[in-house]
Amino acid sequence: MTLTNRDFKIDVTSEIGNLRVLLVHSPDSGLGKVVPSKAQDWLFEDIVHLDTMRRKEYDYYIKLLMYFLDPDKIKGKLNEIDSPESNRDFFKPDNPAFHNSAKVIEIQTLLSDILQKDDIRKKLVASVCAIESCNYRLQLQLIDTDPVELAKIFISGSLDDDTMIFAPIPNLIFSRDLGIAINNHILLNKPAKKARSRETLLMRYIFFNHPMFEAYRDNIIEISENKQHFLRPGEANEEKTTLEGGDVMMVSPQHLIIGCSERTSISGANEAIKLLFENDVVNKITIVKIPHKRDYMHIDTVFTQVKRNVWVLLRSLTITESEQSQREPIAWFADKKNKDKPEIVQFRKDKKPKTFDTLEDLLDNISQKDLDCTEPTKFIYSGNDKFPFDAREQWTDSCNLLALKDGVVLGYDRNDKTVEAFKQSGFNVVHVTDLLPEFESGALNPQDLKDTLILMPSAELSRARGGFHCMSMPLKRDSIL
């Protein structure tokens, strides 16, 4: 039965408004098929233990989202959902007991829905087989496969007998990278790596063909390559047009941030600015160019918003080092330009661009000017701004937080020094395992939480190199202005 939501709207005007609807993808069997020889090609740093990631980590994420966004699906049922007899059926998109929420929306469900249509199934099978170099007999076999099973195959890369027919797409859990809601538009992104080609194709088909998005088809913006891009020499040209959602933040109704990073090119940002201005989606876009390092990857690995006037970020990336004294000989030979300093340029429609010296300057401007804060802007630093914990904890996504509402954010439980910094800034800190029983008993209402960092188990998830900001594609948030 096709997922429906009569009240569904695409409407995201900030990073911190009450979260109402989001797209996610739970860890699928493809993550358990990543092998060491292909891990880097498939953009993974390590081999994760799938069952631990599911049962002891990601399932808590889904349960927490349910209490906040769709409590009728979970309240009063937690013991049953967690029982050994249930066998995690609540979390399995192909199972009759699956939650099938229209607010915590599973990508695999949407994919199964559109594959019910014969014409869509044939076109998508042909497209997937083309990019995966499948033979014609396999293409015919896939066309005749049940839509629910076919969706699993497209995502996991394996047939129902566990035979791998193409590579898995383990990065699909990082749903934000493939698209982002900007006001009532969807910006379909263009990932940098070939390993994500199939993900991009599947999301394109979902947004253009699922009935839930029918009213917004004219509001879907696709990033295309530059004209005559096929004339560029070589396969790995740095001028490729790429853009990933981890580099895009909707910080206020008319202001978007786009990062230029290891994964998002200047060309990609340029195309996005032109399209968004031409379609009157926003009137202000700030480019934050960060070093092309695996440590950072996207801007949401360097900073995210916690509440109107509070941001978490990596301080070492924002500091401008003092110039070497000219009295020292080395000063005459050193590269005086700080290569690790971000470059920040703000483009406003029909106005001259302006620049910011540091990330703090930009984020303070957003809080004070765009969001009309009456309190001073505060910064919480990764690792509590202590070496080497700042870099260690940024690597395990201390700066990659998802706001469920203004001041209530999710983060990993392993980043101890960053947790200290939150406490010093007046935030309550609670582990999800302590929080869920209180929600279930009614002792605490999720909407009553204020200024809280919710800690999530993270031993395996953090090894996948992404936090909860990456693992979410918000489609609807309440306005904060």
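## A strand pair in the sheet

In this predicted model, Thr304 stands opposite Val312, a residue of strand E10. Strand E10, which covers residues 310-313, pairs with E9 in the antiparallel sense, and the pairing runs over four bridges.

## The three-stranded sheet

These two strands belong to an open sheet of three strands, ordered E9-E10-E13, in which the pairing is mixed. Strand E9 (303-307) and strand E13 (378-381) stand at the edges and have a single partner strand each, so one side of each is left without a neighbour in the sheet. On average, and with direction ignored, neighbouring strands of this sheet are turned by 25° against each other.

## Helices on the sheet

Helix H9, made of residues 359-370, packs on the sheet and touches E9, E10 and E13, with its direction making about 155° with that of E10. Helix H11, made of residues 416-424, also lies across E9, E10 and E13, and runs at about 155° to E13.

## A pair of packed helices

Two packed helices are described by the angle between their axes and the distance between the axes. For helix H4 (residues 118-131) and helix H5 (residues 136-143), the axes come within 9 Å and cross at roughly 145°, and the crossing in which H4 passes H5 is right-handed.

On the H4 side, the residues that meet H5 are Arg121, Lys122, Val125, Ala126 and Cys129, while Gln139, Leu142 and Ile143 are their counterparts in H5. Sorted by class, this contact of H4 with H5 holds five nonpolar residues, one polar residue and two charged residues.

Methods: Residues numbered from 1 in each chain as written. Predicted model: local features only at pLDDT ≥ 70, side-chain atom pairs only at ≥ 80, totals over all residues. Heavy atoms only, no water. Pairing = 2+ DSSP bridges. Axes fitted to C-alpha atoms, helices over the stretch in contact; angles between N-to-C directions. Contact = heavy atoms within 4.5 Å. Left-handed = near helix turned anticlockwise from the far one by under 90°. Nonpolar A, V, L, I, M, F, W, Y, C, P; charged D, E, K, R; others polar.
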